[in-house]
Amino acid sequence: MANLHRLEGNSPEIGGILFDFGGNLTKAASWRSAAPIADPVELAKACTAQVLNSLMKSPPSPSVEAAIRNTNWVSAVAGCAHHIREWNTRLRASIAQAVDNIPLPH
């Protein structure tokens, strides 16, 4: 099973997830959005499919084959959705802070 790690970009609108399969095999999926993701599960499915597709297009090796075979892809979607919800929370906080910093006219 892959270990999932939330990635953060240089701005709050950029998010991503690192899939660490061990043995120096990693894949990442990323997105950019100025608004919170309305359906984290759908984006999680897309990210997971992107990673699986990348693995399937990789040159065959025992580590790639093990990553495909041993990963519980349903759990990977759930883990991605969790990280996307956390990213949504962080983005909302960033938006709120930006709004709070807008000077009011006197």
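Predicted model: local features only at pLDDT ≥ 70, side-chain atom pairs only at ≥ 80, totals over all residues.
Trainee: Is Asn24 buried or exposed?

Mentor: Asn24 has a relative accessible area of 82%, so it is exposed, and its place in the chain is the loop between β2 and β3.

Trainee: What should I look at in the phi of Asn24?

Mentor: As a general idea, most residues other than glycine have a negative phi. In this structure the phi of Asn24 is near 65 degrees, which is a positive value although the residue is not glycine.

Trainee: Which residues touch the most other members of the largest nonpolar core?

Mentor: The general idea is that nonpolar side chains tend to be buried together in soluble globular proteins. Here the largest nonpolar core holds 24 residues, and those touching the most other members are Phe19, Phe21, Trp31 and Leu55. At least two residues of this core come from each of β2 (14–20), β3 (26–32), α1 (40–57), α2 (62–70) and α3 (73–100), with α3 giving the most, namely eight residues.

Trainee: Which residues is Leu55 in contact with, leaving aside its neighbours within four places in sequence?

Mentor: Once those neighbours are set aside, Leu55 is in contact with Phe21, Leu25 and Lys27, and also with Val64, Ala67, Ile68 and Trp73.

Trainee: Where is Arg69 found, and how many residues apart in sequence are Arg69 and Met1?

Mentor: Arg69 is found in helix α2, and with a relative accessible area of 59% it is exposed. Arg69 and Met1 are 68 residues apart in sequence, while from C-alpha to C-alpha they are 8.9 Å apart in space.

Terms used:
Residues numbered from 1 in each chain as written. Heavy atoms only, no water. Core = buried A, V, L, I, M, F, W, Y, C linked by side-chain atoms within 4.5 Å. Buried < 20%, exposed > 50% of the residue type's maximum accessible area, 1.4 Å probe, protein only. Helix = DSSP H or I, 4+ residues; strand = E, 2+ residues; numbered from the N terminus. Contact = heavy atoms within 4.5 Å.
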